[in-house]
Amino acid sequence: MDNTNSYPYLSILEKELDPHQSKVCFETKNTVVSAGAGSGKTQVLATRFAWLVISQKIRVNEILTLTFTNKAAAEMYQRIYLTLKEFAFHKERTEDDFKRLKWKPDRIERYRKGFEDLTEDKRSLAKQALDEFAGAHIQTLDSYSGSLLRQCANRYGLKPDFSTGAADSASAIRENVLRTLIKYADNPGIKSFCAPGEIESFAKDKVAKIIIDHTTIATPENYFTIKFKTQCSLITHVWNYLIAGNDWPDDGSRNIVSDTSRLSEYKSNIEDTLNSSDKKDDPKKKAYVESVENLLSAAEKLMTEEGISTDDISSKSGHLESVLEKFDDFVKAVETAYATSNAIQTVKSVVGKLKGEWVSIANQITEFILQYDDLKSFYGILDTILSETNNLKRQSGSLTFNDVTSMAQKILIENEDIRNQEKRAYKKIMIDEFQDNNGMNRDLLYLLSLRDGEFESEGGTCRITFDENKINSLHDAIVEKRDAEKLFFVGDEKQSIYKFRNADVSVFRGLTKENTELSMTFNYRSTPELVKSFNMLFSDSGGIFDSSRSDVEYEAVYKQDAEKNGSVLPDLEKNNVPVHVCMVDEGPVKADSSGKYFPQKEQQVYFVAKKISDMINEARLHPIQEDGKENPDAKFSSYAILVKSRTDYAIIQRYMNMMGINYELDEFKNIFEAGPVSDIYNFLRICVYPSDTKSFACYLTSPLAGLSEISMEKILSNLVDIKHRNADEDDFVFNPFDTSFDRVIEKDIGPGEWKKFSGARNFYKDKRKIVLQQRLTKTLTMLWNERGYKYETMLTPQTELYAEQFDLMFEMARTTEESGKSIGWFVDELKNLQKAQKKDDSDIDASQVSYPLERPDAVQIMTIHKSKGLQFRHVFILGCTSVSPKSDDKQMFFDETTGLSVCHRNGKGNFFLERQKKLEEAMELAEFRRLLYVAITRAENDVHILGCWEERDKSSTKFRLIKNAVKNFYGEEKDPALYTERQYEKAAGFDYQLLQPVEYQALARKNENPDEIRKKVISRIPDFDEKNVRPPYETHPVKRVSPSHMEPELSDDGFRPGKKSDLYKDLSLILAKKSAEGDSDNTEEKKESEDEMPSIEFQPADFGTLVHDCLSGLAEGVTPEKYAPPRRLLKNLTETEIEQIKEICVRMCRHFAESRLGHLAKQAIDEKRFLRSEYAFSMFADGSLFHGSIDLIFETEDGNYIMVDYKTDREVEPFRHYKQQACYLTAAKEILPHPGEIRSFLYYLRFDEAVEISEKCREHLL
């Protein structure tokens, strides 16, 4: 082993580094490591960290370790800590340890030398690292970028407490895009690309997606227009190169038409072929020859025209019209020549190539020219949307992860002080999973690795300059100016599967040209047989990867075969091949008219569920293995089902339940799959929307009411019978429990059902008011517990799964409460979630909601993306044999060079659209290859790949990688005689089985009656015995207090004589108009019950929150005039009222900015002293837990502090706030960065008056 030479102490670790790992671990130059699946990269990174500390004597806080996900960061943190701990406190192993570890004599000898080499000095360095480990920088790249942005947020007018990745942020962007497009609905730029009646889907699903995915808050203004100018310039280059014969400008863009011949080359080829043909003078060919000569003449006329310019395109010059006219003549001549009979075949072949390839591209160019005006207008509107979106982000403080990374890069480019601070803070930077990153992330890391003296100035104001409109311009400016021994990248190009998150595999591949390249090829995860299968599957003959495309930057290459350390890979035989491709024969299913077979997707899932069940049952017959250990195959957790998408989760759940298999989903695709959740949702909905007939009908037939469907239909037929109501249909409003027809309904449904209906009515009337007023979580708890759902879901393992879906709904409700939203908002978003599971139409994002699951032994069902970094003994793969590219259905495409392209309503794609669409499909296919690699290499023992031979296969031929491999090795024969036979071809690396379709009767299972189950459960409950009753558990609840609730009740008797005049009487008028039935016009927070939901109407307290938000933005550099109120606070306000409210907020903020306190705060910002707005705290005092936030606190030039609390009271009465401010003062003394005197001020916004209450606050300190 390499590590026994210079660093013997590393051999004390249980897992010793192999030669590849050792070489990687000790490399000091900038390095990129290609780490294959199962190669032990986490162990290597942890060992390298310890080696840097012990042998290179680098402190813990001088190493920056970055990962792709929070989960990976947590694992890395733990592995590094435990590795350091092993070196710090290692005890010498005994002979018994060697026997347990099955170490051979040479391994024991290396260990003993390593133990001897682990000196006290080395142990001391490891112990010091453990002591300092709290300061370790082990985090995601997003987290690091966020910390960088928080340092400099004030410099860029952003809130330091910004949030990232919130679902409602994306929803706000979509809504804003829709509003803007509606405003421009009559603009030709919208009409040309958006079909009539589809503006909402066009806005939310297409335009908003481009804004969210491909722009950031750092994107320059007029970005889309700038890229459009790039397109126009490229179009002229392409035209002038292909047609006019001009040379291509030396700007690096030549590859855009690198595979296309010029018109002059085609013309010469046709002339040469025609002249060399002995049939040219054949009288029968005369008409054809003349048509070809006309083609050549038209080509000559077109080629003699001068090239076109961007000015020609924008002005539609006469020269451009002449060129296009000659182009039309040329195209007609080509089509005529190709269609003329009695052709000379050799000539026709060249003409056909000209028509099929060259003319098609030229037509795309002319289409772009014809769309010029529409495109220019559309891109201008997109620039408006981009500006609005970035303003929205600044005001809300809700950013995307791309926003944070792009701003972090911008900060390092523009701020020499921060750049120097960060690059000098770290001596080494290690980055894991870098194949899932992109050029922006690479350049950010390159900026952190700049050599001292590069891009530095005496004044500390050096900004790195580069051409922002040129791809890789920043990279080219800094790549040669890096420290040569700082960066350490680890990744695997074959596992780059996050293109939808802007991952770019070409960036990782490009690292090998700029850094030392090393690799780790030993696979420690999978069996030797499985590794052998991998090498055969992923070689050229396997059909998944294609080495002939190794020069394509976005293609991954299987460069080296995987190996097993210390063992030779075995030959595969029929009895040991571990990869199984199983294809359902759909022929009998389609041919059957009796319906005895179930659908092909269900056939595949049934096979998987039954196979898992059979394997587990077989393992349980032999629970103990020969080595005395438990048989792992008897556990559900040894199995995983990996899918390409979650579309078929409901089917998988159904068959797993049927087979009695415990399972765990990575994410609920649809919380409404469970009846109880749907029941509760429908009840909540009719509480909010009583006229919703569908939810009313569902409520009646749910266990909450218990009526039959027939009774429900009869009830509805009476309640919606408009003829009996003497009302026009347009005026009719459905009343769910209208008593007008009680007699008729009672007669129609009978006494038993009438009793249920009456009970349902009473329950609804009793609970509706409570539901609308109390906290959502309390309502859900009441419905779940009191109505028996909790107990029904305890009856069987299958019904227990319903409880998990309720848990998800409950967590959604809790986060809704936490964000201050109403039950109406919650119900509306659940409706969106219900009707659009395949879209992102809801602000409630189930994928972002997590809650603990108590299921340690379960089959894991997850997407292939979620399986990254995991491993399972047995893997089943679904949904990867019949795949179609997403690009087929897309209307918009994007690349960094040319920006956006969009399909015209006429269906004609311009040059950039067709080019990007073709590129997108090719990149999608390349990623699909990598996705298969990731899925297959998750396995330790074996893999089953399920698919179907469809009668009419609608999938893309290029994407049938597995099917094509089967056809290549086993042919396409679907003989029923093969149903039971597993075929194996030695060169394949996998065996193949044709699956016989299963009939419904095979699924018949004994289902126990729920009533019988209940009886059994009750029978197991022991008789009640008062003597055995346990005493009640005593709880000692902690009182939770909000400082604002410490204020005395505020009066509501209007203005008092002698008081100062309110400067904002217009505010009072608006609030009086909006206040419901005499609610107080007190804009301070009311004392509400913890169980009470916020009002769905605009309340005075909402204005208080609004103006506080505006002032918070002011403290963070957002000018009042640029403030845009959060839409969630503008409840039921008209656009006019919104503008009035905004104008009042701006006036109040401007008055404060011009006040003495405002000037002092501004000085603190300018001089970079401590300043916080909305400074949140939690504090335990006087037996209570206090939660609150200080509106504004900042450090003065003398080292003391000023604390400001904004008040929107209608009267200046400071005594009301002494206790509240004393609470803030007590908290401030505990959390401020250094001691100092704190002065407390109330600033009354309605009166533009500051009142100091410092002495009174000290009298009330907690």
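Predicted model: local features only at pLDDT ≥ 70, side-chain atom pairs only at ≥ 80, totals over all residues.
Local features need pLDDT of at least 70 and side-chain atom pairs count only at pLDDT 80 or more, while totals for chains, interfaces and linings use all residues. Residues are numbered from 1 along each chain as its sequence is written, and side-chain values use heavy atoms, with hydrogens and water left out.

**View 1. Salt bridge between Arg-93 and Glu-86.** A salt bridge is a side-chain nitrogen of Lys or Arg within 4 Å of a carboxyl oxygen of Asp or Glu. By this rule the model has 68 salt bridges. In the pair shown, the closest N and O atoms are 4.0 Å apart. Arg-93 is buried, at 13% relative accessible area, and Glu-86 is partly exposed, at 27%. (Buried means under 20% relative accessible area, exposed over 50%, and partly exposed in between, with a 1.4 Å probe and protein chains only.)

**View 2. Salt bridge between Glu-786 and Lys-767.** The N to O distance is 3.9 Å. The pair links distant parts of the chain, 19 residues apart: Glu-786 is in helix H32 (residues 776-786) and Lys-767 in helix H31 (residues 742-773). Helices are DSSP runs (H or I, at least four residues), numbered from the N terminus. Glu-786 is exposed, with 55% relative accessibility.

**View 3. Salt bridge between Arg-1147 and Glu-1143.** The closest N and O atoms lie 2.8 Å apart. Both residues belong to helix H41 (residues 1135-1153), where they are four residues, about one turn of the helix, apart. Arg-1147 is partly exposed at 25% relative accessibility, and Glu-1143 is partly exposed at 37%.

**View 4. A network of salt bridges.**

Note on methods: Helix = DSSP H or I, 4+ residues; strand = E, 2+ residues; numbered from the N terminus.
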